[in-house]
Structures are given as structure tokens and as C-alpha cells.
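Here is a protein model to question.

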Amino acid sequence: MTFNDIFKSGFLENITGVSIFDTFTALALALCLGLFIFFVYKRTFSGVMYSSGFAVTLVALTMITTLVILAVTSNVVLSLGMVGALSIVRFRTAVKEPLDITFLFWSIAVGIVLAAGLLTLAVIGSLFIGIFLLVFVNRKTHVNPYIIVLECTDHESEQRALSFLKTQVKRVAVKSKTARKDAVELNLDIRMKDDNTDFINKLSEINGINSAILVSYNGDYMG
């Protein structure tokens with residue numbers, strides 16, 4: 001078949017239709033897997049503010065991708081027009097969390113695989129990816145970075161606090177220090193030896209320590 005044969009009227013009339021049963025099956029599976037992606041996203045979200053709109057978008061994106069690929073695979077002329085139409089679409093919404101890109105690509109990939117008829121691959125692949133994300137995302141251990149927000153009354157109490165922490169944790173580093181007339185505030189990055197956090201209680205009882213706060217964070221620090 002030559003390139004000119006593709007655009008002959010006889011070829012245009014040869015359109016492979018998608019049966020109603022196949023359409024409903026693909027869309028139903030897309031809905032189920034989209035809801036599974038929604039569940040995994042909700043359980044593994046670690047950002048500042050959870051967006052229910054983005055979570056629902058993942059479900060809709062899975063179904064829309066399935067619908068588009070079903071149409072493309074049924075008609076080669078429509079596929080050429082679809083490529084041209086989608087090439088001019090621009091999305092300018094900023095992705096705030098790096099992990100959100102994974103979920104977006106996951107939704108699109110599931111829609112493509114389902115529409116291609118690889119139902120087993122879509123289901124098994126989604127289960128494998130979902131279990132992986134549930135196990136490894138937001139996994140908290142004592143080796144994760146922690147921040148201690150410490151408020152001292154003077155330089156002597158600050159030194160006592162640092163000396164005490166060096167005996168209780170693996171590593172301690174000063175990230176920021178704010179000195180006022182009657183108080184000194186320290187932000188300390190630490191790595192704990194184990195899961196025991198009782199040293200914070202003892203730290204707050206040191207003379208000259210007004211407060212001691214232990215906070216877990218993801219390790220991203222600017223400055």
C-alpha cells in the first residue's frame with residue numbers, strides 16, 4: 001500500500017468500529033483503575049494542602065485517555081486529526097509536587113493500555129505500581145531528617161542544649177539562628193539514633209530552655 005492509497009475514498013470507507021460491549025468494558029475498567037489511582041494518591045499524599053479536584057482529575061483523565069485512544073485506534077484518519085488537534089493544546093497549570101507527575105503519567109498510561117486491549121497488563125501493572133507507592137511513599141524511619149525548634153534564654157543555655165543533643169542523636173547541625181534581646185531561637189537539623197524521642201522532654205527541662213519542638217520534614221531545605 002502506497003502513501004496515496006491511504007487517502008483514497010475506498011480506504012476512508014474502511015473504518016473499524018468499536019463495539020458497544022468493548023467500549024463499556026474499557027470505560028468500566030478505566031473507572032475502576034482510576035478510582036484505585038485516586039485511592040493511592042489520597043493515601044500517599046505528602047504535600048502541604050490536599051486537592052480533591054486534582055484527585056478527581058486523575059479518575060477523569062484515565063477515562064478520557066481511554067475514550068480518545070479507542071477513537072484513534074478505530075480510524076486512521078481520525079488519529080491524524082487527533083494528533084494535530086492535541087499538538088496545539090497547552091497546559092499551564094504548575095505541578096506543585098514532583099510525585100503528582102507520577103500519578104498524571106500513570107493515569108494516562110492506564111488509559112492508553114486499556115484502549116489498546118491489554119486489560120491484564122493494565123490491571124497487574126496498576127496493582128504493582130500502587131503497592132510500590134503505598135509501601136515506599138511517606139515511609140517514616142528514625143533515619144529520616146528531623147528539625148528541632150529550640151528557644152533559649154541566652155548563649156550559655158544554647159551551648160548546654162547543643163552539648164546535650166550531641167550525646168543523644170547521631171548528628172546535629174544548625175540550620176538557622178535568630179537572636180533577640182531576651183531569647184535565642186535555633187533551627188537544628190538532626191538524625192536520631194532510634195525511634196525514641198524522650199530526649200526532647202529532657203531537653204526542655206534544661207535550665208534556660210523555654211521550649212523544644214521536634215518536627216519531621218522531607219529533607220528539602222533552601223538556604
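**Helices, faces and salt bridges**

The model is a predicted one. The protein has 9 helices and 4 strands, and 28% of its 223 residues are buried.

Q: What makes the buried residues of α7 line one face of the helix?
A: The buried residues in α7 are A122, S126, G130 and L133. Seen down the axis, they fall within an arc of 65°, so they line one face. An α-helix has 3.6 residues a turn, so residues three or four places apart point the same way.

Q: What covers the buried residues of α7, and which exposed residues does the face turned away carry?
A: The cover includes α3 (20-44) and α6 (98-115). The face turned away from the buried side carries T120, L121, I124, F128 and I131, which are exposed.

Q: Why is F136 called partly exposed?
A: F136 lies in helix α7. Its relative accessible area is 48%. Buried means under 20% and exposed means over 50%. The value for F136 falls in between, so F136 is partly exposed. F136 also belongs to a nonpolar surface patch with L127, I131, F132 and V135. Together these residues have about 490 Å² of accessible area.

Q: What puts the buried residues of α6 on the same side?
A: They are D100, F103, W106, S107, V110, G111, L114 and A115. Their arc around the axis is only 155°, which puts them on the same side of α6. On the face turned away, the exposed residues are P98, I101 and F105.

Q: How do you know that the span of α3 agrees with its number of residues?
A: α3 has 25 residues, which should span 36 Å at 1.5 Å a residue. Its end C-alpha atoms are 36 Å apart, so the span agrees. Buried residues in α3 include A26, A30, L33 and G34.

Q: Why is the pair K177 and E158 called a salt bridge?
A: The rule asks for a Lys or Arg side-chain nitrogen within 4 Å of a carboxyl oxygen of Asp or Glu. In this pair, the closest N and O atoms are 3.1 Å apart. The pair therefore meets the rule. K177 lies in strand β2 (residues 169-179) and E158 in helix α8 (residues 155-168), so the pair ties together parts 19 residues apart in sequence.

Q: What makes R171, D189 and R191 a network?
A: Salt bridges link them. D189 meets R171 at 3.3 Å, N to O. D189 lies in strand β3 (residues 184-192) and R171 in strand β2, so this pair ties together parts 18 residues apart in sequence. D189 also forms a salt bridge with R191, with the closest N and O atoms 2.6 Å apart.

Q: Why is D189 called buried?
A: Its relative accessibility is 2%, and the cut-off is under 20%, so D189 counts as buried. R171, at 43%, counts as partly exposed. R191, at 22%, counts as partly exposed too.

Notes
Residues are numbered from 1 along each chain as its sequence is written. This is a predicted model: local features need pLDDT of at least 70, side-chain atom pairs count only at pLDDT 80 or more; totals for chains, interfaces and linings use all residues. Side-chain values use heavy atoms; hydrogens and water are left out. Helices (H or I, at least four residues) and strands (E, at least two) are DSSP runs, numbered from the N terminus. Buried means under 20% relative accessible area, exposed over 50%, partly exposed in between (1.4 Å probe, protein chains only). The arc is that of the directions from the helix axis to the C-beta atoms. Contact means heavy atoms within 4.5 Å. Patches are made of residues with over 30% relative accessible area and no salt bridge: like charges are joined within 9 Å, nonpolar side chains (Val, Leu, Ile, Met, Phe, Trp, Tyr) within 5 Å. Accessible areas come from the Shrake-Rupley method with a 1.4 Å probe; for residues, only the protein chains shown count as cover. The expected span of a helix is 1.5 Å times one less than its number of residues.
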